Amino acid sequence: MRKIEDIHELRQIQIGILDSVHHFCEAHGLRYFLSSGTLIGAVRHKGYIPWDDDIDIYMLRRDYEQFLKTYRDEGGVYKAIDPQQDSHYYYTFAKVIDQRTLMVEDETEGYEIGVFMDIFPVDYVTDDLQERERIFKEKKLLYKIRRCKISNSNPLQSKLAYFVYKHWPLSVKQIERRIRKLIVLDEPTRTVCNMTEAGPKIKGCFPAEDIASSVDIEFEGKLYKTMVGYKDYLERTYGDYMTLPPVEQRVTHHFEAYWRD
């Protein structure tokens, strides 16, 4: 295997994934939105944040689940990983990977994964702030239990908590069903949020109208989609997102990736 040393080479692989997802969504009437640091990069730099090395997108739950059911890459290069279908998959959100590559991550503990792009579902959440607080606390606990069930090492600070959660009399699938029942609402509300384990805290919730439609935005010399209310979303989630962070915080994630033979 040849190691991928250059961050620009890694980014080109990720852009290939984004292009595939973009074209598939356009062809099948599915909505996606550049989000998180990727969206900050698009707004502030018209591309990657200079020290960033990943791509994140949001999809409303309905589009997210339809995408995972139907996504196919005719060339066989890209593959979507659905956490609902793979009980050994560590993450609680989907990824689309380049199967020609191998990404080495401590979190995956032997689960082989290629260079990827993250896809986060966005769910409606209650407009009642007190009830929302309760739901966030419960989902945090359920995600901790799920993580311990899958992990062979201790991902928590407490050995006791790890032991208790590891031996909790629920399977990963049962935990997934409990999480889904908690976070997936049948009826729309005025508020939405990324409710996965990697999702933001309550302040990261934003008005549903922000994501009601999409607009074009430039990223690395191409046009992709983001939410119509992206400025409001970014301000609520990150505050003054147009100001660069201190130099000491401009750190590239360490990555270890290879081209497969």
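The model is a predicted one, in which local features need pLDDT of at least 70, side-chain atom pairs count only at pLDDT 80 or more, and totals for chains, interfaces and linings use all residues. Residues are numbered from 1 along each chain as its sequence is written, and side-chain values use heavy atoms, with hydrogens and water left out.

E1 and E12 belong to an open sheet of three strands in the order E1-E12-E6, with antiparallel pairing. Strand E1 (2–4) and strand E6 (101–103) form the edges, each pairing on one side only. Helices (H or I, at least four residues) and strands (E, at least two) are DSSP runs numbered from the N terminus. From one strand to the next the twist averages 30°. Helix H1 packs on this sheet and touches E1, E6 and E12, its direction making about 90° with that of E1. Axes are lines fitted to C-alpha atoms, for helices over the stretch in contact, and angles run from 0 to 180 degrees between N-to-C directions. Within the sheet, arginine 2 stands opposite tryptophan 259 in E12.

The largest nonpolar core has 59 residues, and Leu34, Ile57 and Phe67 have the most contacts inside it. Such a core is a set of buried Ala, Val, Leu, Ile, Met, Phe, Trp, Tyr and Cys residues joined through side-chain atoms within 4.5 Å. Helix H1 (residues 7–28) supplies nine residues, the largest share of this core. Leaving aside neighbours within four places in sequence, the contacts (heavy atoms within 4.5 Å) of isoleucine 57 include Leu18, Val21, Phe33 and Ile119.

Glycine 75 lies in the loop between helix H3 (61–70) and strand E4 (78–81). Glycine 75 is exposed, with a relative accessible area of 62%; buried means under 20%, exposed over 50% and partly exposed in between (1.4 Å probe, protein chains only).

The largest pocket is lined by 46 residues, of which Asp52, Asp54, Asp56, Asp118 and His253 lie nearest its centre. A pocket is an open set of points on a 1 Å grid over the protein atoms alone, where a 1.4 Å probe fits, with protein on both sides within 12 Å along at least five of seven lines; lining residues have an atom within 4 Å of a point. The largest share of the lining, four residues, comes from H2.

Terms used:
Pairing = 2+ DSSP bridges.
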